[in-house]
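Thanks for coming, everyone. Please take a look at the chain on the screen before I start talking.

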Amino acid sequence: MAADHEKAEPRRSLIGACLAHALHDGYSDLLYVLLPVWQTEFGLSYAGVAVMRSLYYGTMGGLQVPADRLVDRLPIRTALALSTLIAASGFCVMAFTGSFWGLCAGLLLAGMGSSIQHPRGSLLITQAFGKGARGPLGIYNFSGDLGKAAFPVLVALLLGLVAWRTAAGFIAVAGIVAAIVLLPILPRAAALRHDSKASQDGSGDRRGFRLLLTIGGLDTATRMGYLLFLPFLLHAKGGDQTMVGLSLALVFAGGAFGKAACGWLGEHLGVVRSVVATELATAVLIAVTIPLPLTATLVVLPVIGIFLNGTSSVLYGTVPELAPRGDVARAFALFYTAVIGSGGVAPIAYGALADHTGETFGVMAAALTALVIVPLVLGLRPALAASGAVERA
């Protein structure tokens with residue numbers, strides 16, 4: 001009985017963390033459906049719409065480290081349930097507010113709640129699975145894509161039936177229910193900042209970890225840059241808006257599979273080999289879509305999605321191995337800050353480049369960014385060797 005209980009706890013940790021991740025990532029991407037509605041109701045410019053988006057994303061990204069430190073003494077199950085409840089409260093504020101400033105306050109509150117989830121959920125899985133956490137972290141990464149796929153569709157359907165404030169109310173209720181459900185799912189455990197099981201691979205290699213942050217930021221920049229130009233690339237090939245929607249669905253479907261598969265790939269093939277393979281494939285496939293006709297491009301897009309999104313699972317799984325001083329929670333918070341920050345800045349940089357050089361060069365710049373990662377990840381070998389991580393043949 002004790003052995004069965006011990007085996008069940010990691011599974012419960014993974015299920016609970018994935019539930020929280022799916023909900024919070026769903027919250028982040030359903031905003032894309034609501035932004036046009038808010039633009040019309042409040043008379044916002046496109047810059048104003050971008051600011052509205054940044055209220056949530058900027059808060060979520062900027063508070064990763066301080067929010068994680070704030071809940072450091074709480075049991076992780078309590079922290080995850082609390083973060084979900086806070087995020088849901090933000091949507092409650094949006095549902096009941098009648099003003100623009102109330103909406104802004106709701107977005108800030110929801111972003112605060114979501115800032116807690118990523119580092120705590122990642123730490124929970126690392127503590128539960130120890131050295132075998134790379135694969136489960138890939139599943140955790142994949143679960144976020146499920147939320148990103150489900151929640152925008154759900155909100156779009158609701159907006160066909162009810163006003164946006166009512167839809168926000170339904171979304172808030174879903175979050176409250178999820179927060180309640182998390183408590184019995186997640187195992188009871190004390191809060192530990194330097195849990196020996198979680199940090200047994202932490203090498204304290206600051207240089208290696210900084211290099212990992214850089215690689216994570218560039219990988220996110222590649223993804224965001226290509227997705228920025230993809231609709232324009234398809235329009236140039238004769239595609240309409242429906243085709244653009246289909247293309248994005250194909251990329252995200254491939255990406256969801258890639259996140260799950262590449263986590264296990266990193267565990268069995270090794271970090272360096274996996275990242276080199278996925279980034280080279282990403283660069284080549286991005287470049288190939290430029291001359292391809294529309295139909296052939298659509299065929300290639302799911303494959304691009306696998307490599308474009310899959311690398312992130314390999315990188316997430318490497319965070320515990322390179323966490324400075326074995327502080328896995330802070331390492332995950334810093335890593336998420338880096339990738340979320342890159343996701344906000346990179347499209348602006350690529351867009352400015354394309355304004356001066358053209359759309360094709362913008363797409364090629366995204367492909368070249370993937371190639372830049374290859375020599376950088378080769379530089380991770382010494383840090384991985386020092387951490388005890390084994391590069392499998």
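First, the ground rules. This is a predicted model, where local features need pLDDT of at least 70, side-chain atom pairs count only at pLDDT 80 or more, and totals for chains, interfaces and linings use all residues. Residues are numbered from 1 along each chain as its sequence is written, and side-chain values use heavy atoms, with hydrogens and water left out.

Now the overall picture. How many helices and strands does the protein have? There are 15 helices and 0 strands. Both are DSSP runs, numbered from the N terminus: helices are H or I with at least four residues, strands are E with at least two. Of the 393 residues, 53% are buried. Buried means under 20% relative accessible area, exposed means over 50%, and partly exposed is in between, with a 1.4 Å probe and protein chains only.

Next, contacts, meaning heavy atoms within 4.5 Å. Take those between residues at least 6 apart in sequence: 84% of them join residues at least 24 apart. The accessible surface comes to about 15900 Å², and carbon and sulfur atoms hold 71% of it. Those areas come from the Shrake-Rupley method with a 1.4 Å probe; for residues, only the protein chains shown count as cover.

On to the cores. A nonpolar core is a set of buried Ala, Val, Leu, Ile, Met, Phe, Trp, Tyr and Cys residues joined through side-chain atoms within 4.5 Å. The largest one has 73 residues. Which members touch the most others? They are Tyr 27, Leu 30, Trp 38, Met 52, Phe 91, Met 94 and Leu 107. Helix α1, residues 2-42, gives the most to this core, with 11 residues.

Now the aromatic rings. Rings of Phe, Tyr and Trp (its six-membered ring) pair if their centres lie within 6.5 Å; planes under 30 degrees apart count as stacked, over 60 as edge-to-face, and the rest as tilted. The whole structure has 5 such pairs.

Look at Tyr 27 and Phe 91. Their ring centres are 4.4 Å apart with the planes at 45°, so this pair is tilted. Tyr 27 sits in helix α1 and Phe 91 in helix α4, residues 76-96, so the pair ties together parts 64 residues apart in sequence. Are they buried or exposed? Tyr 27 is buried, at 0% relative accessibility. Phe 91 is buried too, also at 0%.

A second pair is Trp 38 with Trp 164. Here the centres are 5.7 Å apart and the planes at 75°, so the pair is edge-to-face. Trp 38 is in helix α1 and Trp 164 in helix α7, residues 164-185, which puts them 126 residues apart. Trp 38 is buried, at 1% relative accessible area. Trp 164 is buried as well, at 5%.

Back to Phe 91. Together with Tyr 27 and Phe 151, Phe 91 forms one aromatic cluster. Beyond four places in sequence, Phe 91 contacts Tyr 27, Leu 30, Leu 31, Ala 110, Ala 168, Ile 171 and Ala 172.

Now helix α7 again. Gly 175 lies in it and is buried, at 0% relative accessibility. Leaving out neighbours within four places, Gly 175 contacts Leu 23, Tyr 27, Thr 84 and Ala 88. Gly 175 and Phe 91 are 84 residues apart in sequence, yet 8.9 Å apart in space, C-alpha to C-alpha. Val 173 is in helix α7 too. Val 173 is partly exposed, with a relative accessible area of 47%.

His 118 lies in helix α5, residues 100-129. His 118 is buried, at 6%. Not counting residues up to four places away, His 118 touches His 21, Asp 25, Met 60, Gln 64, Tyr 140 and Tyr 336.

Leu 212 is in helix α9, residues 206-236. Leu 212 is buried, at 0%. Beyond four places in sequence, Leu 212 touches Leu 315, Thr 318, Val 319, Leu 322, Phe 335 and Leu 380.
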